[in-house]
Amino acid sequence: MKINDLILRCYAEEEKDGTWFAICLDLNIYARGDSYEEARTKLNKLAICYLREAIEEDSQYFDDLVPRRAPLGFWMRYVYGKVLSLFSENSTHGFTMHLPMIPAAC
């Protein structure tokens, strides 16, 4: 993956207790929040920090760190949610993050 082509696939879903779980499938990082927006915002901040570390501190391992794909089960939930969203409203929200070429400070 080239850094200038950085579009990250993600999804968020509501848990049984009413909180939200959001995961970036391309980096295998996740965040939790009390709302969809909170989980998504936290995930965005985590992705920026993760990429900054990969670029600045761990550049010799960058190719191992980006992309770092989530396990197959999460990808299957993402695809399942995308298909369901074509037919009905569901509790899984797929989205993409478009991050700048040089991530902002954490």
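## The E1–E2 hairpin

In this predicted model, glycine 18 adopts a positive phi near 95° within the hairpin formed by E1 and E2, where five residues lie between the strands. The pairing of E1 with strand E2 (residues 20-24) is antiparallel and runs over five bridges. Within this pairing, glutamate 13 is located opposite phenylalanine 21 of E2.

## Pairing of E1 with E4

Strand E1 also pairs with E4, again in the antiparallel sense, through seven bridges. One of the residue pairs joins isoleucine 7 to histidine 98, its bridge partner in E4.

Helix H3 comprises 16 residues, spanning residues 72-87. The distance from its first C-alpha to its last is 23 Å, close to the expected 22 Å at 1.5 Å a residue.

Three residues of H3, namely Trp75, Tyr78 and Gly81, are buried. Because these residues cover an arc of only 120° around the axis, they lie on the same side of H3. The cover over the buried residues of H3 includes strand E1 (7-14) and strand E4 (92-98), and these two strands are themselves paired in the antiparallel sense.

## Helix H3: exposed face

Which exposed residues does H3 carry on the face turned away from its buried side? That face bears Leu72, Met76, Tyr80 and Phe87.

Key
Residues are numbered from 1 along each chain as its sequence is written. This is a predicted model: local features need pLDDT of at least 70, side-chain atom pairs count only at pLDDT 80 or more; totals for chains, interfaces and linings use all residues. Side-chain values use heavy atoms; hydrogens and water are left out. Helices (H or I, at least four residues) and strands (E, at least two) are DSSP runs, numbered from the N terminus. The expected span of a helix is 1.5 Å times one less than its number of residues. Buried means under 20% relative accessible area, exposed over 50%, partly exposed in between (1.4 Å probe, protein chains only). The arc is that of the directions from the helix axis to the C-beta atoms. Contact means heavy atoms within 4.5 Å. Two strands pair if DSSP finds at least two bridges between them.
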